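Please look at the sequence and the model below. The text after them walks through two features.

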Amino acid sequence: VVIGPHLPQGLTTPATLVLADRLERNLTRMAAFAGESRIALRPHAKTHKCVEIARRQMELGALGLSVATVGEAEILARKRDSRAYTASEVTDVFVAYPLWADDELLRRLGRLADRVQVTVGADSAQAVERLAPIARDLRVMIEIDCGLARSGVTPAGVTVVAQAAERINLELSGVFTFPGHSYGPGAGAGAAEDEARVLAEAAEILVASGFRCEQRSGGSTPSARLVRPGTLTEIRPGVYVFNDAQQVELGVAAMDDVALMVASTVVSRPASDRFVLDAGSKVLGPDRMSWATGHGRLADWPHARVVGLWEHHAVVELQGRGPALGEIVAVVPNHVCTAVNLVADLLVVDGGSVVERWPVAARAANR
Ligand SMILES: Cc1ncc(COP(=O)(O)O)c(C=O)c1O
């Protein structure tokens, strides 16, 4: 993989770049997988937060978007208006989160539901009851925990949540889970099995109790392509659009599947095996899982590791020849979702030049 010679000239670093050809390949591959497996694709937009990418995902056949917050949905599911690039195609959003609605969120959800189809997540009868004032405008999906031990009920816990939805006339679409325990070496297949099993159990319990359960929604990037046809009705991968060092270290993506990198200058070379880049935690993001080999990777230097990260310094260790002082290198962040959320726009690179700037429109839309 040789990125360096293809980096645009005259970059001011650090700069967060998107390689257009790789992005397109990642988008089309996942869309093709979903199509061939007859599973709907509802990509999680918290990864890219960009209208332009949401729009392309819809063009490639996505059913709608998944989002983490109402704010992301408001920005990405905006109907076409005077701005040329709004994603009018996004007419269906799923807030894949155990939403705890207050008056402000109810108002905003109600307005959103006037424009697009809105489904929200819930994992308690209490959270469902809070949706009562706008119940007729929404749908709900019950969250099940399949092994991550984050939010979600056990399959046996679905009925109380479904009964609460029935009491307030809120349409129940089905069940969803996030197999986030796929984020460990060799853990993808087991997490995909857990996901399918637990969703099937929950759906059976609902149907046996007289409820409808049409949707079984799952999918993280490490497990998405391990989903077997007929088990889930939709998948919600997010990271697949760009990939990152975590996906490379898990073996889910190759280095040349990574579509986002931070161009960064070697600003110091204090020792022969160590140099310092001008991309720190404020542009790469601070995430580092226990099994990660460093704070990020260098696209052109497979043996290099970011061993130390400060706000504006990344310290890289590399034995032997490495980049010279002043040279610009491409850093692959550990976790791309947090890296994207740190910048105002992404520089789109095609054929070695910056061809567009995409605003990270839903940046910091945390509510
Ligand atoms: C509920 C939910 N669904 C889907 C995803 C997307 O998974 P990934 O980040 O592995 O692409 C996430 C990611 O955190 C999530 O929390």
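This is a predicted model: local features need pLDDT of at least 70, side-chain atom pairs count only at pLDDT 80 or more; totals for chains, interfaces and linings use all residues.

Residues are numbered from 1 along each chain as its sequence is written, and side-chain values use heavy atoms, with hydrogens and water left out.

Begin with helix 6 (residues 158–167) and helix 7 (residues 188–208), whose axes come within 10 Å and cross at roughly 50°. Helices here are DSSP runs of H or I with at least four residues, strands are runs of E with at least two, and both are numbered from the N terminus. Axes are lines fitted to C-alpha atoms, for helices over the stretch in contact, with angles from 0 to 180 degrees between N-to-C directions. Helix 6 and helix 7 are therefore oblique to each other, a class left over once angles under 35 degrees (roughly parallel), over 145 (roughly antiparallel) and 65 to 115 (roughly perpendicular) are set aside.

On the side of helix 6, V158, T159 and A162 meet A202, I205 and L206 of helix 7, contact meaning heavy atoms within 4.5 Å.

Turn now to the aromatic rings, where a search of the whole structure finds one pair (ring centres within 6.5 Å). The ring centres of F94 and F176 are 4.9 Å apart and the planes stand at 90°, so the pair is edge-to-face (planes over 60 degrees apart; under 30 is stacked, the rest tilted). F94 lies in strand 4 (residues 92–98) and F176 in strand 7 (residues 171–176), 82 residues apart, so the pair links distant parts of the chain. F94 counts as buried at 1% relative accessibility, where buried means under 20% relative accessible area with a 1.4 Å probe and protein chains only. F176 is buried too, with a relative accessible area of 1%.

Technical notes: Rings of Phe, Tyr and Trp (its six-membered ring) pair if their centres lie within 6.5 Å; planes under 30 degrees apart count as stacked, over 60 as edge-to-face and the rest as tilted. Buried means under 20% relative accessible area, exposed over 50%, partly exposed in between (1.4 Å probe, protein chains only).
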